[in-house]
Amino acid sequence: MHAAHTEAREAEQYADWAEQWEADGVAAHALARYAARAVDAAVRAQTAAGLEATAAILRAALQRRLTPEELAERECARRREEARRESEERAATGMDRDNRRLASMNAYFAEDFVPELGWTAGHVRVLEAAEAGRLYRRDGQVRRAPQPGVWSGGRRISRERTQALHAARFLAAVRGRDGTLVLIPSPMGQVALELARLYPAGLYETDRAAYEARYARVAKRGRSREDKKAAARRLPLLNSSALRLYRRPVTLVEQEERAQREAETQWEDEGGYCFGVEMPRPVAEARVESVPAKPLRDSAGPHPSSPGAPGRVGARR
């Protein structure tokens, strides 16, 4: 019974693997191999238990060659199931397969790069205000504007975090005509913000914890304590590998909007239809419809080879 139990467990294990991998889209030959191992183990289990080897019937079914009709039916079923899963994934994420893969890879990269930033959730909020076009500095105070373009009032933002992000080039400053300093994310800051959103667990709970993590990272022999403290107060740059590896995924809505813009631009460049502009009626067409047709002579009228010419009607023989 111990031998039968061992073989039965092995059969169950191979069967589970085959079932899971079939759902993951593994190649059919690999699934057939694992299914055959499950059947072999089941036959051994029945034999060890002194039972009739009914599992051998499954072996014959696995080894039977499928007819072309059966193969076509299986392929259709596989494609229907694949289309169903893809539709569900698109509805849940708003992205196609390629962009979902990009988002998954970005989340994987974020686990490595976000802890190295030494940020807290407060740093993320500063960059989010800048991303919304509402972060500005005036009279020595940093505020989040009540709405973009209104550079007065609003909630105060940590000046220390803002200065640290600006010094590390995560923020860029643009001075307005009224002297207001508007802060926007730099390309590196935008990537760092996206990664921090993907892996918020990599942010530190307090500024003190973030400082200590940065201090531990910059602590080296041969540096004075004051130099270590000064280095820990500065935010490190985003790892250069993150800038190279990160690719922003594009949603289905964004793809549709971009395709519409490109189509409109192409029509405009080619002198065709411009979206939102009513096309005037061609003058030539209006004249042809309003003037009764007359016999054309060789000495007058459009050339017979020109577009719209009815031919040499009425010409002398």
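**Close-up views of the predicted model**

**View 1.** Trp17 is a residue of helix 1, which spans residues 2-23 (helices are DSSP runs of H or I with at least four residues, strands are runs of E with at least two, and both are numbered from the N terminus). The model is predicted, so local features need pLDDT of at least 70 and side-chain atom pairs count only at pLDDT 80 or more, whereas totals for chains, interfaces and linings use all residues. Residues are numbered from 1 along each chain as its sequence is written, and side-chain values use heavy atoms, with hydrogens and water left out. Trp17, at 30% relative accessibility, counts as partly exposed (buried means under 20% relative accessible area, exposed over 50%, and partly exposed in between, with a 1.4 Å probe and protein chains only). Together with Trp21 and Val26, Trp17 makes a nonpolar surface patch of about 220 Å²; patches consist of residues with over 30% relative accessible area and no salt bridge, joined within 9 Å for like charges and within 5 Å for nonpolar side chains (Val, Leu, Ile, Met, Phe, Trp, Tyr). Accessible areas come from the Shrake-Rupley method with a 1.4 Å probe, and for residues only the protein chains shown count as cover.

**View 2.** Helix 7 (residues 159-167) has Thr162, Ala164 and Leu165 as buried residues. Seen down the helix axis, the buried residues of helix 7 fall within an arc of 165°, so they line one face of the helix; the arc is taken from the directions that run from the helix axis to the C-beta atoms. On the face turned away from this buried side, helix 7 carries the exposed residues Glu160 and Ala167. The cover over the buried residues of helix 7 includes helix 6 (121-131), strand 1 (135-138), strand 2 (141-144), strand 4 (171-175) and strand 5 (181-185). After helix 7 comes Arg169, which has a positive phi near 70°.

**View 3.** The largest nonpolar core has 31 residues, of which Trp119, Leu135, Leu165, Phe170, Leu195 and Leu238 touch the most other members. At least two residues of this core are supplied by each of helix 5 (97-117), helix 6, helix 7 and helix 8 (187-198), and helix 8 gives the most, with six residues. Such a core is a set of buried Ala, Val, Leu, Ile, Met, Phe, Trp, Tyr and Cys residues joined through side-chain atoms within 4.5 Å. Neighbours within four places in sequence left aside, Trp119 is in contact with residues including Val124, Leu127, Leu165, Phe170, Leu203 and Leu235, where contact means heavy atoms within 4.5 Å.

**View 4.** A network of salt bridges links Glu75, Arg78, Arg79, Glu82, Glu86, Glu89, Arg90, Arg97 and Arg100 (a salt bridge is a side-chain nitrogen of Lys or Arg within 4 Å of a carboxyl oxygen of Asp or Glu). Glu82 pairs with Arg78 at 3.0 Å, N to O, and because these two residues are four apart in helix 4 (residues 68-93), about one helical turn separates them. Glu82 also forms a salt bridge with Arg97 at 3.3 Å, N to O, a pair that links distant parts of the chain, with Arg97 in helix 5 and Glu82 in helix 4, 15 residues apart. Glu86 and Arg100 meet at 2.7 Å, N to O, linking helix 4 to helix 5 across 14 residues. Both Glu86 and Arg100 are buried, whereas Arg97, with a relative accessible area of 39%, is partly exposed.
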